[in-house]
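Subject: Structure handover

Hi,

Here is the structure I promised to pass on. Please open it and keep it beside this email as you read.

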Amino acid sequence: MTRRLFLASLILVMPLQLFADGTKPNVVLIYADDIGYGDVSCYGAKRVTTPHIDRIAAEGIRFTDGHCSSGTCTPSRFSMLTGEYAFRKSGTGVLPGNAPLIIPPTTHTLAKVFQIAGYTTGVVGKWHLGLGGPNGPDWNGLIQPGPAEVGFKESFIIPATGDRVPCVYVENGRVAGLDSKDPIEVSFKKKVGNEPTGKENPELLRMRWHHGHDMTIVKGISRIGWMTGGKAALWDDETMADTLAQKATRFIENHKKDPFFLYFGLHDIHVPRVPNPRFVGKSGMGPRGDCILQADFCVGEILKTLEKHDLTKNTIVIFTSDNGPVINDGYYDDAVVKLGDHKPAGPLRGGKYSNFEGGTRIPFLLRWPAMIKPSVSNALVCQVDFLSSFASLLGQTLKEGDSPDSLNTLPALLGHDPKGREFLIEHANRLSLRQGTWKYIEPGKGPKRAQGTDTELGQDPAGMLFDLSQDLGETNNLIATLPERGMAMAAKLLELRSNKSQRKP
Ligand code: NG6
Ligand code: CA
């Protein structure tokens, strides 16, 4: 069958075939934090083994060229949930812990696609998209707008990151376990309260900061930002993975009879890396490696729960990450000293924050036993396309202007189209363009490495051009030898970035 014929038949037949017996597939989107292309064994890691993540790969599709939208967390999550590249919207960079919600409640979102189709939706884990109106969240009252307005009926979230205050969980719009007699105050501008800080009292720390992270000490670790109050609500870093896994599996159990969409944002392997004692020392690579094992455990809990309730066959499980890997991200946690020959980005150059492939090319797995056969796909796919692709799967048409950068790549995501996107913009501190196996990075005059880290940013005043089919590690810059291709790709990048919609109506 020709590709066009196949696509036509897929579009016509699929919704009927899928839903003939009335059972829409459940969807569990497991979103790791800072796990790189080479950090899991199904992508070649040797020093750590990740059996549960590998199982998704073995029973599903392992994408070798799958991307998040950006080299950091907030913009990747923003794009994935809204279907719009974050670089189009100011204020979508890495957010402080008290930022207002950056997704206006009127925005169409991935969660709303599922809600329209009658799914029960939930988010568990890292949020980092801001909370509350223009003045930010009221930590001592009802925190809204938030996940509910973005389309998640149920939520249990880490408001920002593990290394940013406030170090509390927010459950369905309220700080979990808050004692009203001990209100929370948070600031990212000045010290609040009398709690010791990493800067003033380094002797109180159980993990020293390396860069940044020298403000309020919470549970022996100094964080970004200052907070006081909320003592009874403070999380324990050691039990965070278990707490989140329990909330996620409970959501599945509570909704096993509905179609459900669960967005499960792992905290691992973001800093501070404080694994549960049962993982400590197990990887031989220090806390960073131990947290990879802990992330794999969380994935295993999801798979086990699906199996227990006979949901495996008709549940789409996606495992992917929000940006590439970083080794030292601000604490002395042995990540550098115990790295050995482990390559967090595998064969790729760069990592978190970087314009090189290591910034956005990440593990990307999709399993759906009822509908797809195990395979490896080299298609160019991106999380920004989840929105359009799931809308298509559920028979929905998007309104013009909604989710402008989200393309329907469902055939690629289900393993039927080996090519995927024709063009993809990668966003870190510069923009890059992928076209097939060609990669163009726009000129940049910034520093060579991300602040405090060893990660190469991929900045060159003349721009860069790589032929990834010959040079996956981006070592041979062809911009001077192939100026015409460089100019053509620069022109295409300019066209795409200024074109508000990449989606044809
Ligand atoms: C940076 C932090 C880094 C991390 C990152 C966000 C410093 C010096 N660095 O600003 O530690 O928190 O923000 O990571 O403070 S992300 O995965 O959520 O994007
Ligand atoms: Ca991240």
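Below is what was found, topic by topic. Keep in mind that this is a predicted model.

**The cores**

Start with the inside of the protein. The largest nonpolar core has 111 residues. Trp127, Phe261, Phe264, Phe319 and Phe390 have the most contacts inside it. Helix α7, residues 286-308, gives the largest share of this core, with 10 residues.

Now pick out Phe264. Leave aside its neighbours within four places in sequence. Phe264 is then in contact with Leu29, Ile30, Tyr31, Val124, Leu244, Ala245, Ala248, Cys298 and Ile302.

**The ligand**

Next, go to ligand 1. It is surrounded by 20 residues. The closest are Cys73, Asp163, Arg164, Asp329 and Lys352. By class, this shell has 4 nonpolar, 8 polar and 8 charged residues.

- Cys73: a backbone N or O atom lies 2.9 Å from an oxygen atom of ligand 1.
- His128: an N or O atom in the side chain is 3.4 Å from an oxygen atom of ligand 1.
- Asp329: a polar backbone atom is 2.9 Å from an oxygen atom of ligand 1.

How much of ligand 1 does the protein bury? Taken alone, ligand 1 exposes 450 Å², and the protein buries 87% of that.

**A serine in a helix**

Ser389 sits in helix α8, residues 386-393. Is Ser389 buried or exposed? Its relative accessible area is 1%, so Ser389 counts as buried, the cut-off being under 20%. Not counting residues up to four places away in sequence, Ser389 touches Leu407, Asn408, Thr409, Leu410 and Leu413.

**Backbone details**

Look at the loop between β11 (260-265) and α7, where Ile269 is found. A cis peptide bond joins Asp268 and Ile269, with omega about 10°. Pro272 also lies in the loop between β11 and α7. The peptide bond from Val271 to Pro272 is cis, and omega is near -5°.

Then check two values of phi. Asp310 is not a glycine, yet its phi is positive, about 60°. Asp310 lies in the loop between α7 and β12 (315-321). At 70% relative accessibility, Asp310 is exposed. Tyr353 is not a glycine either, and its phi is positive, about 80°. Tyr353 is in the loop between β12 and β13 (364-367). With a relative accessible area of 24%, Tyr353 is partly exposed.

Best wishes

Definitions and conventions
Residues numbered from 1 in each chain as written. Chains lettered and ligands numbered in written order. Heavy atoms only, no water. Core = buried A, V, L, I, M, F, W, Y, C linked by side-chain atoms within 4.5 Å. Buried < 20%, exposed > 50% of the residue type's maximum accessible area, 1.4 Å probe, protein only. Helix = DSSP H or I, 4+ residues; strand = E, 2+ residues; numbered from the N terminus. Contact = heavy atoms within 4.5 Å. Near = heavy atom within 4 Å. Polar contact = N/O pair within 3.5 Å; in protein donor to acceptor, adjacent residues only side chain to side chain. Areas by Shrake-Rupley, 256 points an atom, 1.4 Å probe, with all protein chains shown as cover. Nonpolar A, V, L, I, M, F, W, Y, C, P; charged D, E, K, R; others polar.
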